[in-house]
Amino acid sequence: MFKKIIKGGRKPSKSDDGFGNTGHHRTASGNVVVNHASRGGTAMSTPPPMQSVEPLPLFRDVPVSERHNLFLRKLQVCCFQFDFGDTLRSVREKEIKRQTLLELVDFLQSGSGKINEVCQEEMIRMVSVNIFRSLPPNSHESTGQVPADPEEEEPYLEPSWPHLQLVYELVLRYVVSSDTDTKVAKRYIDHSFVLKLLDLFDTEDPREREYLKTILHRIYGKFMVHRPFIRKAINNIFYRFIYETERHSGIGELLEILGSIINGFALPMKEEHKLFLVRALIPLHKPKAISIYHQQLSYCITQFVEKDYKLADTVIRGLLKYWPVINCQKEVLFLGELEEVLEATQPAEFQRCMVPLFRQIGHCLTSSHFQVAERALFLWNNEHVVGLIAQNRGVVLPILFDALEKNIQTHWNQAVHGLTVNVRKMFLEMDTELFEECQRQYEEKESRAKEVEEQREMTWKRLADVAGERDNMITA
């Protein structure tokens, strides 16, 4: 799991409360617009725009007093856009830009010169020009074919990545640098910038999503004023994915960031965070593509229960609400997540949901898909789960007894048959008297069912005889 940025018991900030104004907008042409707060003027002015891409001197070859001006000129070189679809076009200019980006990254990382506000503003402008762009359509959108399984699709790799990677590296160095003053930087890393950064998470290129994940995580850690806005914006992405598109490439990465954020929530947990669990995280179990991001989702869900054990009942009932009906692979994932949640569940919360929970587990035990039945039976390998079941065996065993007997008598898979025998033996050792009572009731129920079946067959036989006599009378 992504390394969490918030460690230890930090004092919760007031900036965690509520959601601020977004402060972002887009132009009709789709150009990047970053809203900057008013700032005090600096003596340096921006050099005039460059008309062509030409190599500039290295930072070490100019006096310290001229490095800021050279930094701005290098930023202008990096604002030039190239066609990466044609590998033979503008080869020299592309290489000059790549080398210039490398120099900017090295300059920022070395800390050899603290960049002033004008340089920071121009740098974010250059970054915006390069990374904020319209993403190409997904493969199924461009071909018009029926959407395939996202796991089986080949990801689109951004052809401009040799440049794009260095631009992302520059942003990352800027955000994590100890020389970066948050009060100044938040004028340029503002809500508009963050929102456009979040839009890019839908890129199919996994390399770009990895950088976006790291950068957004660092922004969340460093810019406390942006935290409510980031959480709300991620919420909105999830809502659109769940209820409209069910297509988004970056759900796993966003959940990975949230795993660290949830880990840093202060207790008692705010109502806002609990609503996020109920309205966004639990419904993320609904889409068909859950297997792509289930590991990260399961971690987030478990973090909530570990933070506040009273949420276990809410989470388990949420899982039951979205339990798959015909998707067996999804059922296996749900059972694995359920075990993790149950490990963090206390007896009081377990008792609130155990009846519907074990009715569902009973259905899983008798599944004809052996992986589902096997995964359900593996719950009895968990000591904590067995402890909860043992405390409430008077409720649990009567619910499961029929399923266990049915497996022993009719299940086709030998592994499932053997595991069922072991679970049945565990219940017998837990409470012999209860087990025998359940067995007596089961035998009575089977006997009554047999009588009903015999009666039904006799009724059909009489009807068939009457129908036969009538046919004979008609033909006579």
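**Exercise 1. Find out which helices the buried residues of H13 pack against.**

Solution. The buried residues of H13 pack against helix H11 (271-281), helix H12 (290-307), helix H14 (328-343) and helix H15 (347-365). Contact here means heavy atoms within 4.5 Å. Helices are DSSP runs (H or I, at least four residues), numbered from the N terminus.

Before going on, a quick note on the ground rules: this is a predicted model, where local features need pLDDT of at least 70, side-chain atom pairs count only at pLDDT 80 or more, and totals for chains, interfaces and linings use all residues. Residues are numbered from 1 along each chain as its sequence is written, and side-chain values use heavy atoms, with hydrogens and water left out.

Next, look at H13 itself, which spans residues 312-321. Seven of its ten residues are buried, so this helix is mostly covered. Buried means under 20% relative accessible area, exposed means over 50%, and partly exposed is in between (1.4 Å probe, protein chains only). The buried ones are Ala312, Asp313, Val315, Ile316, Gly318, Leu319 and Leu320.

**Exercise 2. Work out how H13 and H15 are placed relative to each other.**

Solution. Two packed helices are described by the angle between their axes and the distance between the axes. Axes are lines fitted to C-alpha atoms, for helices over the stretch in contact, and angles run from 0 to 180 degrees between N-to-C directions.

- Step one: H13 and H15 pack at about 15°, and their axes are 9 Å apart.
- Step two: angles under 35 degrees count as roughly parallel, over 145 as roughly antiparallel, 65 to 115 as roughly perpendicular and the rest as oblique.
- Step three: H13 and H15 are therefore roughly parallel to each other.
- Step four: their crossing is left-handed, a label used if the near helix is turned anticlockwise from the far one by less than a right angle, with right-handed for clockwise.

Who does the touching? On the H13 side you'll find Ala312, Asp313, Ile316, Arg317 and Leu320, and they meet Glu349, Arg352, Cys353, Pro356, Leu357 and Gln360 in H15. Sorted by class, this contact of H13 with H15 has six nonpolar, one polar and four charged residues. For that sorting, Ala, Val, Leu, Ile, Met, Phe, Trp, Tyr, Cys and Pro count as nonpolar, Asp, Glu, Lys and Arg as charged, and the others, Gly among them, as polar.

**Exercise 3. Describe how H18 packs with H20, then with H19.**

Solution. Start with H20. Helix H18 (residues 393-410) and helix H20 (residues 432-475) have axes that come within 10 Å and cross at roughly 55°. These two are therefore oblique to each other. H18 passes H20 in a right-handed crossing. Among the residues making the contact are Leu397 and Phe401 of H18, along with Phe435 and Tyr442 of H20. Its class count is seven nonpolar, three polar and four charged residues.

Now for helix H19 (residues 414-430). H18 packs with H19 at an angle of about 145°, and the axes are 10 Å apart. This time H18 passes in a left-handed crossing. The contact includes Val396, Leu400 and Leu404 of H18, plus Val416, Thr420 and Phe427 of H19. By class, the contact of H18 with H19 has ten nonpolar, three polar and three charged residues.

**Exercise 4. How many disulfides does a search of the whole structure find?**

Solution. The search turns up zero. A disulfide is a pair of cysteine sulfur atoms within 2.5 Å. Take Cys328: the closest cysteine sulfur, in Cys364, is 9.4 Å from its own sulfur, too far for a bond. Cys328 is partly exposed, at 22% relative accessible area, while Cys300 is buried, at 0%.

**Exercise 5. Which backbone values stand out at Ser90, Glu246 and Pro268?**

Solution. Begin with the background: most residues other than glycine have a negative phi, and most peptide bonds are trans.

- Ser90 has a positive phi, near 55°; this residue sits in the loop between helix H1 (67-77) and helix H2 (91-110).
- Glu246 also has a positive phi near 55°, and its place is in the loop between helix H9 (227-245) and H10.
- Look for Pro268 in the loop between helix H10 (251-263) and H11.
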